[in-house]
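Please walk me through this structure.

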Amino acid sequence: MIDMQGVYKTYPNGVIAINGIDVTIEQGEFVYIVGPSGAGKSTFIKLIFREEKPTKGSITVNGKDVLKLKWKQIPYLRRDIGVVYQDFKLLPKMTVYENVAFALEVIGETPKTIRKRVMEVLDLVGLKNKARFIPDELSGGEQQRISIARAIVNYPKLLIADEPTGNLDPDTSWEIMRILEEINAGGTTVIMATHSKEIVNTIKKRVIAIEDGLIARDQHRGEYGYEV
Amino acid sequence: MAMKFRTMKRHFREGAKNIWRNSWMTIASVGAVTTTLVLVGAFLALMLNLSHIAGNLEEDVEIKAFVDLTAEQAEIDAIGAEIEEISEVSLVEFSTKEEELEGLIESMGDEGQVWELYEQDNPLSHAYIVKTTDPLDTVSVASQIEAIENVEKVNYGQDVVQNLFTFNNYARNIGLVLIIGLVFTAIFLISNTIKITIMARRKEIEIMKLVGATNGFIRWPFFVEGLLLGVLGSIIPIAAIVTGYYYLSNNVSSLTQFEFVELLSFNPFAWQLSLLILAIGASIGVWGSVMSVRKFLKV
């Protein structure tokens, strides 16, 4: 699913975010990315869907050589990857329904399919009755669930979540995790960057720890491993 | 790549929705378009009419070549033939001295009756009335005619014509420069307003790209939005110009003392001008919107 070999990333301002990473993630895996703030977690994630480009190394995602993609091909890579952001990144002037539908309009689905599928995922995240609201009218947890709905609406092979529970209260966080597990159970690869010791230690999955731009630890059914 | 019809429909729907979604920005942009188009429209109407009036005046310019009193009929015909040889000449008309006198009497009105005394012993000369294809050639043609044998003198309102041509020339050039300047100011102002409104939406554009939208997919609704902004912005200018021009063209003769002032007729001029304003508005809207969005597409 994802294969990174000898990947380095130095930002234009000289900050070395990723300093030589080799990693392989298989289809259907559920992986936590942990590590201190500023250690390179976000960069690692951004490299996968080409929001950032590595300085050196090779990255293959879903059979596509990410570095060789032309500008015009990048959107097509992103259509196979659903991304859930810590700050939700919802379109503020569109309704909940329109936000989720957008991901399907992009790939040119028929209005009929769009209606059916959007209501389906809104049901899955428990927001069917909020379809006509705009994001600002909803709580943080609800907004996060919309962004999950948008990320999974076109059946992506890979779901990336960058601290999806970062701004949420514990109850809501568990609700989000339940949804992510459900999606993973359907065969979707899930990669989740998190700072939540509780979640990582309770729902045991593969844990990749990134420190100073390097993989410090990679274990199946691992522990969070940091003091909070 | 051929776009699916439903995707095209989606872009139009989305572009129209954006007009509502960003209502404050819509008001700002439409306001800018409206203001500048009212100026451009009024100025265009003024300049085109001035040019039209100037053209009319120039059309009226004619050269009168008076034939020497002693010339025989054959010599008179020879003059006519020679004038017709001049390539810039479009029309030559012979007017006998009797016709000349008649014209003179008529133009004098009641006082003209005094001149009827001369009907028995006409002191006037035969004349050729000459028009040039391009009124601007009047002066050079006149001097050519003057050189012809048996032409006593030529008259074309020398001083007035020279001043008229110089004035018209200035007026047209200055008008052209002003219009170009005004249109550029309009483009600058409007595209800047639109740019600011789109700047506020750069986050949205970024999000769309992260969800996997192609540049074209993002750009199309903006294209539609810009088009609609331009069209909305031209409604008030067009209404103002059509009503204003209707009023003016109906009342101009009573408002001015000059009979020669004749405006371009309301139909079709007002409609042509409206169409022009609509076209300017729409293209500025589209241009401003598409240019501004282009910057944020590299995510």
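In this predicted model, the C-alpha centres of domain 1 and domain 2 of chain B are 51 Å apart. The domain assignment builds domain 1 of chain B from two segments, 5-58 and 164-297. Domain 2 of chain B covers 62-156.

Now the contact between the chains. Chain A brings 16 residues to it, and chain B brings 14. On the side of chain A that touches chain B, two elements give two or more residues each: helix H2 (74-79) and helix H3 (96-106) of chain A. H3(A) gives the most, with 4 residues. What is the make-up of this side of chain A by class? It has 7 nonpolar, 7 charged and 2 polar residues.

Next, the interior. In soluble globular proteins, nonpolar side chains tend to be buried together. Here the largest nonpolar core has 98 residues. Those with the most contacts inside this core are A:Ile33, A:Val100, A:Val118, A:Ala149 and A:Ile160. Yet the element that gives the most to this core belongs to chain B: helix H8 (residues 215-255), with 10 residues.

Another core lies apart from the largest one. This other core has 13 residues, including B:Ile63, B:Tyr128, B:Val141 and B:Ala142. These four residues of chain B fall in the range 62-156, assigned to domain 2.

Key:
Residues are numbered from 1 along each chain as its sequence is written. Chains are lettered from A and ligands numbered from 1 in the order in which they are written. This is a predicted model: local features need pLDDT of at least 70, side-chain atom pairs count only at pLDDT 80 or more; totals for chains, interfaces and linings use all residues. Two residues are in contact if their C-beta atoms, placed from the backbone, lie within 7 Å. Ala, Val, Leu, Ile, Met, Phe, Trp, Tyr, Cys and Pro count as nonpolar, Asp, Glu, Lys and Arg as charged, and the others, Gly among them, as polar. Domain bounds come from an automatic or database domain assignment. A nonpolar core is a set of buried Ala, Val, Leu, Ile, Met, Phe, Trp, Tyr and Cys residues joined through C-beta atoms within 7 Å. A residue is buried if 20 or more other C-beta atoms lie within 10 Å of its own, exposed if 12 or fewer, and partly exposed in between; C-beta atoms are placed from the backbone.
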